[in-house]
Amino acid sequence: MATALRDNTGRERALPTIKGFKRGLILALFLAVAPAWAETRSLSQDWLFHAGEVAGAEKPNFDDRGWRQVVVPHDWSIMDKADGSPPFDPNMPAGQDSGYLPGGVGWYRRHLTFSPAEAARIVRLNFEAVYMDADIWLNGEHLTRHHYGYTAFSLDVTGKVRAGDNVIVVRAHHADPSSRWYAGSGLIRPVSLEILDRVHLDPDGIFVTTPVATEERGVVSAQATVANRSGAVREIELVTRVVSARDETVAEGRRTQTLAPGARAEAVQRLELARPALWSPDSPNLYTLVQEVRVGGAVVDERSTRFGFRTVALDARNGLRINGRPVKLRGGNIHHDNYMIGAAGAPDADARKVALMKAAGYNAIRNAHNPASQATLDAADELGMLVIDEAFDSWNKSKRAQDYARFFAENWAQDIDRMVISGRNHPSVLFWSIGNEIPEDGTPEGVETGRKLAARVRRLDPTRPVTQGVNTDPPKSSNQFDVLDVAGFNYHAHDFDAEHGKFPERILYTSESLPKDAFSYWQYVEKHPWVIGDFVWTTVDYIGESGIGWMGYSQDWQKLGPYPWNLAYSGEIDATGRKRPAAYYRQILWKTGIDPIAVFVRQPPGTEDLPDRHLFPTTQPHLDWSLDDVHPSWTWPGQENKPLEVDVYSEFPEVELFLNTKSLGRKTVDTESEHKAIFKVPYAPGELVAIGYRDGREAGRWTLRTAGPPVRAQVTMDRSRMRANGEDLAYLTVELEDADGTPVYDRDKDRQVRVHVRGAGTLAGMGNGSPMDVSSFQSGARKTFHGRAVAVMRAGTTAGPLIVDVAVDGLPAREVRLDVTS
């Protein structure tokens, strides 16, 4: 995997490789890998979609010939309108919350064909998420309504499917306003089908833990439930193996049992091995638990579940330890959308987001404010990212008129179950979060609700702590923390000392913090073992909460960015995957060594990069999610001889700044200076170089050069090959360069880019990271933003070459090819 993460030469750096994660692979919902006698089918292709209400669409013989064919995961909210115009509209009911994108009603239909033998077996239909309020029909029979838009659910359609043609129909009703951020609409995560033997493992019954995980010894506790849905007594053998990354069986256990017709049996097997390779953020070693059910010596079902050997310990004196070693949570919050493909949780897109964070120095994700996708957790397992998996943004009291609070009382238990069961075998999952900024936090109602939710989580998974993101003042916050194992404070580091004084055994972290507070919040983590980490709001930019990272909220907390603002613009990584200056500062603050020195220039007074910076006059106290208005550019026409502020971020103890080979002086960099050196430099075109020194010797440097006009587009693809599965994604980055290869960042030199895809694939979406661009994601035309645009290609289902033609106004055309293989 590679994308445009710049190093100090302005060139791209490769993202971490997701070794075992087959890109684009739609995993079965509960991590099943099925052999020939237990088949799992991805249902990503051949869906038909219709936007808006339509009578009779649930009927099998409904005429759907005029419907649009789509690939799932799919988000209809980012689709162009029927007349071809972009989907943004200033009059949308959710307005600033949704980035001025629509909700509404959408229908999906898909035909399925079964042989007589298949139709006679156990058949499960798995939806990882449908946003939201979904009704499901099979062959005209209403099967269920599932309200929550982020939890997985499975339908047992055994005996309801028939040999020959079958029709699945899904109606999703995204009533607005339903969310404080962009949620998307429709079949936003994968759909799959499982065809099983009548004697099989229950996917929900598999639970793998490692009660002993040391360098010398590992113990696996493997829980499974076997169901006999045949009409006869069966003698079954459960064979459980631990398989290493080298595909070697390193431990094995067997158990036999007699099962009556219709009976279920739970089994826990304990397996041991010597010197396991432990899982941690620095060494994410994975094993596979293979569980086989045999009848008469023949295998009738098998499931493979990846896991890692790791232990987690927490206390106020020693902080967080993984496998006995201290870990500080270098955390960031993310929402679930994938920008140019909307909320469609394509596994490659979700995995890319995790890889971007890992490459930027983060080691922890808070999935806000809903359960993470399986692809997110799979990638976190592979790359060594810790995850706080979060359930809800509201409980009994609504934040928006049509949000989940409408269904909470009836549905919370099943949705907690779905989150925990689908995530508990992932070593990356560190904590379960039961909620975020719940309005009733700290009240008797909030405390009792939190107690119920936490108890439900612990019953399903007693191995992981329960937490919550709380944003209320003491004593209410302390009341809420009483029902939790770990206390998450949103924007309340100023209360840490008082909370610790009253509750010295309490473990704290900032579940949300402001980018501008990076240094002060991290000092708590550095100095106090009872503060175990900091999660910034936010890491990767997202649609909705329009302009929160620029003009922010109005004083009364009612208004955000007006149309055409549509991105939050608070991400330390922009929506296309480019690191912004705040990400460089944070990795230096964390001493990651990734980019130990970096240079940025503050926007000159009297100029503006974007309008509306001070749209809402505010008085303190008032939260400010904006990032420093500094830029990786030494191209400032019209500023000649005027003093510009140059900010140097450095892990090195001393830095020296040069302009056109002339030294502008050395400065000490340490915690007193917050790891920054600030220079005032009269602007002159040329080359600005910062050199970092350690022990008197040069240890690193960063260069900014004045860019001339763009003469070419640098076009890169993050992969050279995709599989012809209709699911794999490839990201193409277009960046403007001058004659010397210097990136062109000046917005006055941005150019229109047109992307056309031919051959064995299609364009999935295109974006530029501009928070105000309301052009189409799907047309293949966007203007660069600060010299950059990114397009996403999706593989087709037929092998062959995929060709991308890239045309940039006034520059030579480019052509990029990649192979789509069967």
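**Entry 1: charges over rings**

I looked up R506 and noted that its charged end sits over the ring of F503, 4.2 Å from the ring centre. I applied the rule that NZ of Lys or CZ of Arg must be within 6 Å of the ring centre and within 35 degrees of the ring normal. The charged end of R352 likewise sits over the ring of Y731, at 4.0 Å from its centre.

**Entry 2: basis of the values**

I record that this is a predicted model, in which local features need pLDDT of at least 70, side-chain atom pairs count only at pLDDT 80 or more, and totals for chains, interfaces and linings use all residues. Residues are numbered from 1 along each chain as its sequence is written, and side-chain values use heavy atoms, with hydrogens and water left out.

**Entry 3: overall form**

I looked up the radius of gyration, which is taken over C-alpha atoms; the globule rule is 2.2 Å times the number of residues to the power 0.38. For 822 residues a compact globule would have a radius near 28 Å, and the protein, with 27 Å, agrees. I noted spans of about 90 × 65 × 50 Å for the C-alpha trace along its principal axes.

The protein has 9 helices and 48 strands. These are DSSP runs numbered from the N terminus: helices are H or I with at least four residues, and strands are E with at least two.

I then turned to contacts, meaning heavy atoms within 4.5 Å. Of the contacts with a separation of 6 or more, 72% are between residues 24 or more positions apart.

**Entry 4: burial and cores**

I found that 63% of the 822 residues count as buried. Buried means under 20% relative accessible area, exposed over 50%, and partly exposed in between, with a 1.4 Å probe and protein chains only.

I next looked up nonpolar cores, which are sets of buried Ala, Val, Leu, Ile, Met, Phe, Trp, Tyr and Cys residues joined through side-chain atoms within 4.5 Å. The largest has 126 residues, and those with the most contacts inside it are F392, I416, W634, V646 and V648. Helix α4 (residues 408–423) gives the most to this core, with 7 residues. A second, separate core of 29 residues includes V70, L125, F153 and L193.

**Entry 5: aromatic rings**

I counted rings of Phe, Tyr and Trp (its six-membered ring) as paired if their centres lie within 6.5 Å; planes under 30 degrees apart are stacked, over 60 edge-to-face, and the rest tilted. The count comes to 41 aromatic pairs. One of them joins F481 and F489 edge-to-face, at 4.9 Å centre to centre and 85 degrees between the planes. Both F481 and F489 are buried. I also noted one aromatic cluster, formed by Y131, Y148, Y150, F392, W395, Y404, F408 and W412.

**Entry 6: backbone details**

I looked up two cis peptide bonds. One joins D176 and P177, with omega about 0 degrees; P177 is in the loop between β11 (164–174) and β12 (191–196). The other runs from Y563 to P564, with omega near 15 degrees, and P564 is in the loop between β31 (531–536) and α9 (581–589).

I also looked up positive phi values in residues other than glycine. Y491 has phi near 65 degrees and is found in the loop between β29 (487–490) and α7 (496–502). Y491 is buried, with a relative accessible area of 6%. W557 has a phi of about 65 degrees and lies in the loop between β31 and α9. W557 is partly exposed, with a relative accessible area of 38%.
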